Amino acid sequence: MKRLLIDGQLVETERTVDSINPATGAVVGTAADATPEQVTAAVKAARRAFDETDWSTNVEFRVRCLNQLHEALVKHMEEFRELTIAEVGHPRQITDGPALGSPIGLVKYYADLLGEYSFTQDLGVAEAFGRPNKRWIEREPAGVVSAIVAYNYPTQLALAKLAPALAAGCTVILKGAPDTPLLALALGELILNETDIPAGVVNVITAVDVEASEVLTTHPDVDMITFTGSTAVGRRIMEVASRTLKKTFLELGGKSALVVLDDADLDLAAMMAAFTICSHAGQGCAITSRLVVPRELHDAVVEKVTGMLAAVKVGDPSDPETYMGPLISEKQRDKVDAIVQRAIADGATLVAGGKKVDPGFYYEPTLLANVDQDSEIAQEEIFGPVLVVIPHDGDDDAVKIANNSIFGLSGAVISASDDRALAVARRIRTGTLSVNGGMYFAPDAPFGGYKQSGIGRESGIAGLEEFLEIKTIALPA
């Protein structure tokens, strides 16, 4: 059984939760399931470590510890790779990217950034009340951080929170997702055994019930919450965190649009649309799940996308040739299928897919055409390999359709002209955008959304500064 990490000790629990391989339905392993009392103990440990050690002020030590964590992750990468494939269903071929390789690089990025980042900023001298004053800014760690991650990219999400929080000088309670608990707890073991990070600075837990989880969002000793997950849960976190006015970072849902203009390369558009929606079986918040195409090209694009979807290799995620694996659980697959069947009943045209595939929790790559932009399937985040095609009547209409969403996380625009594509992209209210196939995802690139896709930015300098407070100080000059 994988155990909790609390105050520098691996802790067993009376309650446990099985981790299920989504490709087979078999049990991968058993994880500890924390009680509310154990979560409270983790919060208290983080509070003590922040208040009573020099972690928050010793930058050189933090750099060393982050480098140790990076080295340990590189050393144990193959073990994490196999666990990632088994527990999450990530195809092997993406474990060198966002599933594992890229987030390991993120730790090194923050170790290097911390070595050169200035926590002070001189504001110069200004006169007030008849005398000159020397003023400056000092950036200080936010304090005790609850870091709550989703199941879809558990290692990426964990390290995208841990690395900048630790670089900033915060202490952390990391909560793994109930569907993928083993990876989070394995990370806790690595931190304990192979770094000098002091007891209490990082605590790692998994908890299934809401009562235990809400300790992380309501406890008065928690100064900040960083959460990645659904918008519905994000709203709940904001609600309970408001009681103590905690600093809150939220990276939430998306219903991003891939906008195709009338001069676009349709083969490129079809390839991007098909292979993006099948990436990790559509279980990504930034995936472009709405394909917005010129009305006169609708049928031609649908035909090309159908051909591309047929070329996607779906199967065993441990097979190096597999591009798309399973959904995370039977519950998630049932949710995806239900919304697809409702869309068909409401008049959308099923072009491809729309069926469950056994064994495991697979769902066919699915394409729905002639979709009403205001329909449920065009508005709700699905988290499955389901692409909807919506016709537009020119650039202005395409922008309106793209912006017709409560979400604003990502998007893409394709045109023969970079200038034209950029002009459209700048009118779409999202936090990240790909123009003509450009890739923004990197450790130094801020990631986050507008509207109900969240608050704040992850990665880059902006990601570090989410975990810092600003103190302004003045002395008589």
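Me: How many disulfides does the structure hold?
Reply: A disulfide is a covalent bond between the sulfur atoms of two cysteines. Here the term is used for a pair of cysteine sulfur atoms within 2.5 Å. By that test, the number of disulfides in the structure is zero.

Me: Happy to hear it; what kind of model is this, and how are residues numbered?
Reply: This is a predicted model, where local features need pLDDT of at least 70 and side-chain atom pairs count only at pLDDT 80 or more, while totals for chains, interfaces and linings use all residues. Side-chain values use heavy atoms, leaving out hydrogens and water, and residues are numbered along each chain as its sequence is written, from 1.

Me: Which cysteine sulfur is nearest to that of C170, and how far away?
Reply: C170 is in no disulfide. Its relative accessible area is 0%, so C170 is buried (under 20% relative accessible area; exposed is over 50%, partly exposed in between, with a 1.4 Å probe and protein chains only). The nearest cysteine sulfur is that of C65, at 15 Å.

Me: Is C285 buried or exposed?
Reply: C285 is in no disulfide either, with the sulfur of C278 the nearest, 17 Å away. Its relative accessibility is 14%, so C285 counts as buried.

Me: How far apart are the end C-alpha atoms of helix α3?
Reply: Helices are DSSP runs of H or I with at least four residues, and strands are runs of E with at least two, numbered from the N terminus. The expected span is 1.5 Å times one less than the number of residues, so the twelve residues of α3 (77-88) should span 16 Å. The computed distance agrees: 15 Å.

Me: Which residue follows α3?
Reply: Nine of the twelve residues of α3 are buried, so the helix is largely enclosed by the rest of the structure. After α3 comes a residue with a positive phi, near 85 degrees: G89.
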